[in-house]
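Thanks for making the time this morning. I would like to walk you through one model, so please have the sequence and the structure open as I talk.

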Amino acid sequence: MSLTDDVRTVRGACPHDCPDTCAMLVTVENGKATKVRGDPDHPFTQGGLCVKVNDYTNHTYSPNRVLYPLRRVGRKGEGQFERITWDEALDEIATRFQSIIDEYGGQAILPYSYLGTEGILNGLTVGDPFFHRLGATVSERTFCDSSACTAYFMTLGPTAGLDPESFVHSKYILLWACNIRSTNLHMWPFIKEAQERGAKVVAIDPLRHRTAQSADWHIPIKPGTDAALALGMMHVIIAGDLVDEDYVDNHTVGFEDLAKRVQEYPPERVSEITGIPAADIVTLAREYATTNPAAIRVGVAIERQVNGGQAMRAIASLPGLTGAWRQVGGGILQLPLWAFPLKWDVLQRPDLIRPGTRVLNQWLLGPALTGELELDPPIKGLFVYNCNPVVMVPQQEKTVAGLAREDLFTVVSEQYLTDTADFADIVLPATTQLEQFDIMFSWGHLYISLNQPAIEPLGEAVSNVEQFRRLTQRMGLEDDWYRLSDEEMALAAYDWSAPPLEGITLDLLKEKGWARLNLPGPDEYAPHAEGNFPTASGKCEFYSSMAEQAGNFVVPVFREGYNEFQPGNAVDPLPCYVTPEEDLNGGPYPLKMISPKSHAFLSSQYGNMDYQRRVQGEQSVIMSADDAEARGIDEGQPVRVFNEQGEIQAVARIGTGDLVARGVVVCSVGQWRKLNPGAATVNAINRTAFGDMGNNPTFSDTRVEVAPIESS
Ligand SMILES: Nc1nc2c(c(=O)[nH]1)N[C@H]1C(S)=C(S)[C@@H](COP(=O)(O)OP(=O)(O)OC[C@H]3O[C@@H](n4cnc5c(=O)[nH]c(N)nc54)[C@H](O)[C@@H]3O)O[C@H]1N2
Ligand SMILES: Nc1nc2c(c(=O)[nH]1)N[C@H]1C(S)=C(S)[C@@H](COP(=O)(O)OP(=O)(O)OC[C@H]3O[C@@H](n4cnc5c(=O)[nH]c(N)nc54)[C@H](O)[C@@H]3O)O[C@H]1N2
Ligand SMILES: [Mo]
């Protein structure tokens with residue numbers, strides 16, 4: 001290295017929609033980012049990244065990046081584009097949107113986005129002020145955890161819950177519907193440490209995944225039956241006098257009603273529903289109630305069932321019943337994001353929504369675009385950013401058919417030409433995290449972090465914030481948000497005077513990169529040892545005072561305004577289990593399919609990158625040896641997985657006995673449609689109906705059949 005070489009380390013944060021929000025150190029040599037690594041000082045990241053982000057510099061410098069505005073030249077979906085200037089792109093968008101507004105009104109424009117990047121500035125809400133000012137349809141974003149959060153609010157209120165780092169103190173750990181070693185990797189060391197200190201780790205999951213393989217006990221459960229298991233556990237706990245009466249008397253509501261309800265769930269009945277032997281249900285309940293501190297980590301996948309909300313309600317009730325909250329390392333961890341004092345109203349700007357503006361749930365994209373869902377006015381303009389609905393949203397064929405409409409004007413803001421971007425009329429180039437400024441929250445730990453740009457934007461890529469700045473200006477809209485600088489936005493987004501941010505400033509974050517929220521340390525933090533739940537009653541509500549509105553309640557983070565399309569229903573104020581209709585009727589599709597996340601992809605991101613594709617392998621369907629044999633299917637054989645909605649092609653991976661139970665198949669989500677044989681992926685066959693609250697998807701109640709593809 002010569003003296004003129006400029007080598008710097010820039011502090012950043014992983015941009016992904018993942019609980020870990022890792023602190024990153026980016027090495028920049030002569031203006032080029034050459035390496036990313038985890039910050040070894042960050043207590044949660046501990047120096048490691050993951051298979052997805054280890055080579056993030058390749059993700060940034062890939063020759064396949066979209067670096068310039070593009071205009072479609074081929075047919076929709078062909079992915080044929082020509083380069084245009086930003087001026088041309090902005091003009092075309094402004095002209096087309098204005099003529100749609102003139103002819104059909106603003107609601108004919110649908111903004112469509114999620115957490116492609118999780119930064120507070122460039123993430124979930126970045127376009128909201130712009131689209132509200134246009135008078136566009138409001139998108140209800142219930143992709144992830146909306147039902148579980150509703151249920152959690154109903155039971156415990158918006159509390160951070162158990163600190164993930166406190167798990168080292170736990171003696172009994174339930175990993176419920178979460179594949180920590182793939183989807184929350186940096187939490188694993190805390191669980192492993194507890195295990196080494198003598199804790200028993202139990203994984204409740206239909207799949208014996210890498211986390212379940214590292215657990216002390218894997219309990220294979222039939223998908224969609226978790227509410228019954230939790231109710232059965234409570235039956236055993238109450239019948240066996242294992243309740244913490246003092247905790248229940250002082251810090252909970254509705255015990256008598258709950259005790260009556262759980263009488264309906266004796267272990268034998270629960271065994272029939274869940275497929276778990278009755279003796280195991282009894283052992284699990286007794287061990288959970290009598291080993292303290294007892295911790296539960298519940299994954300997002302818990303909500304992907306007809307009973308999604310009630311499953312979460314039942315599970316969230318357990319630590320109140322046994323008093324597990326009393327000790328450090330006891331309680332439940334779901335989404336600690338509620339600890340971050342974000343000003344959602346400043347970010348989402350519900351005040352800008354014109355009264356009466358319709359709200360459309362994003363899961364309904366396909367039917368909304370094809371006209372199956374009758375909308376007046378119809379959707380004529382679509383703006384997709386931070387999102388890849390062709391891959392990630394059910395009714396894939398309808399989404400594709402809708403996007404192929406010649407009369408639909410579609411803009412996609414992207415880093416890559418995804419399956420969705422292929423249908424765009426205009427593609428706008430988006431920066432990666434190395435090229436942008438952002439401030440982060442976390443939904444998996446208690447650290448706030450700052451991402452500073454490590455390099456100049458490549459080509460003509462711009463951050464989402466900058467993109468909406470340009471659009472606001474070009475469309476001549478009033479603006480009191482985008483004209484702020486990035487730093488001013490970061491200051492406005494948080495309530496810096498709130499106790500969790502006491503002692504933390506933007507300057508401190510610039511210097512250190514991250515800071516733990518001002519809360520007791522993980523060795524002392526027992527947030528609900530004395531109750532103090534942020535519910536209406538201040539207690540853990542077994543019987544919910546929110547039940548009457550719960551059916552149409554969507555936690556504010558996911559939605560502002562009223563949803564006209566899914567009028568809410570009151571839900572049962574006590575946790576319950578309801579058998580899905582398809583399970584009662586049998587029907588032609590005997591296998592239950594779940595579609596969890598891929599180990600080497602982040603939702604669909606990296607699904608096009610060589611390295612991650614090699615690690616992940618091709619689209620597979622994991623099935624039991626019994627189910628495979630009954631269908632004449634061999635290991636590695638190409639098969640069709642199908643139901644009344646359609647089919648996908650996959651390669652059979654046959655379990656060695658206990659990888660997956662008979663009757664269950666697993667097709668992970670994230671493979672790109674255009675890269676999969678047959679041009680269809682798992683969301684072409686996923687169940688489409690909503691579950692019990694928060695408009696949750698019910699993927700884990702999907703039914704399919706599998707058949708060999710005959711070689712010709
Ligand atoms: N590697 C990787 N990490 C990720 C992501 C990724 O795509 N890849 N995505 C990120 C995002 S957006 C999210 S929301 C989180 C999600 O992280 P998780 O909450 O872990 O979600 P999933 O992988 O969908 O499912 C977790 C487990 O739930 C199981 N499961 C499915 N249905 C049921 C059921 O009915 N009952 C029970 N008990 N278990 C069930 C699946 O077998 C799976 O092992 O991960 C984040 N992290
Ligand atoms: N079958 C099935 N379906 C599921 C799930 C499942 O488990 N199974 N999980 C659901 C869940 S939990 C989630 S969270 C959703 C995720 O669904 P999506 O949010 O659609 O997921 P991603 O695949 O991450 O798509 C994000 C896109 O944003 C782009 N992007 C990244 N950063 C930026 C940026 O800074 N600017 C712009 N403009 N674009 C950017 C990425 O390149 C990527 O194409 O999927 C849901 N769908
Ligand atoms: Mo998610």
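This is a predicted model: local features need pLDDT of at least 70, side-chain atom pairs count only at pLDDT 80 or more; totals for chains, interfaces and linings use all residues.

Residues are numbered from 1 along each chain as its sequence is written, chains are lettered from A and ligands numbered from 1 in the order in which they are written, and side-chain values use heavy atoms, with hydrogens and water left out.

The domain assignment, whose bounds come from an automatic or database source, gives domain 1 (2-61), domain 2 (70-144 + 340-516), domain 3 (147-334) and domain 4 (582-708).

Staying with domain 1 and domain 4, their centres, taken over C-alpha atoms, are 33 Å apart. Ten residues of domain 1 are in contact with ten residues of domain 4, contact meaning heavy atoms within 4.5 Å. The buried area between domain 1 and domain 4 is about 870 Å², with carbon and sulfur atoms giving 61% of it; buried area here is the accessible area (1.4 Å probe) that two parts lose on being put together, summed over both. Of what domain 1 buries against domain 4, Val51, Lys52 and His59 supply 65%, more than any other three residues.

There are also four residue pairs in polar contact between domain 1 and domain 4, both residues at pLDDT 80 or more; a polar contact is a pair of N or O atoms within 3.5 Å, and within protein one must be able to donate a hydrogen and the other to accept it, with residues adjacent in sequence counting only if both atoms are side-chain atoms.

Now to the ligands. Which residues come nearest to ligand 2? Of the 29 residues around ligand 2, they are Met392, Ser413, Glu414, Ser604 and Asn686, a residue being counted if one of its heavy atoms lies within 4 Å. The shell draws at least three residues from each of domain 2 and domain 4. An oxygen atom of ligand 2 is 2.5 Å from an N or O atom in the side chain of Ser604, and a nitrogen atom of ligand 2 is 2.9 Å from such an atom in the side chain of Ser595.

Ligand 1 is surrounded by 35 residues, the closest being Asp205, Asp226, Val300, Phe601 and Ser603. Here the backbone takes part: a polar backbone atom of Ser603 is 2.7 Å from an oxygen atom of ligand 1, and a backbone N or O atom of Ser182 lies 2.8 Å from a nitrogen atom of ligand 1.
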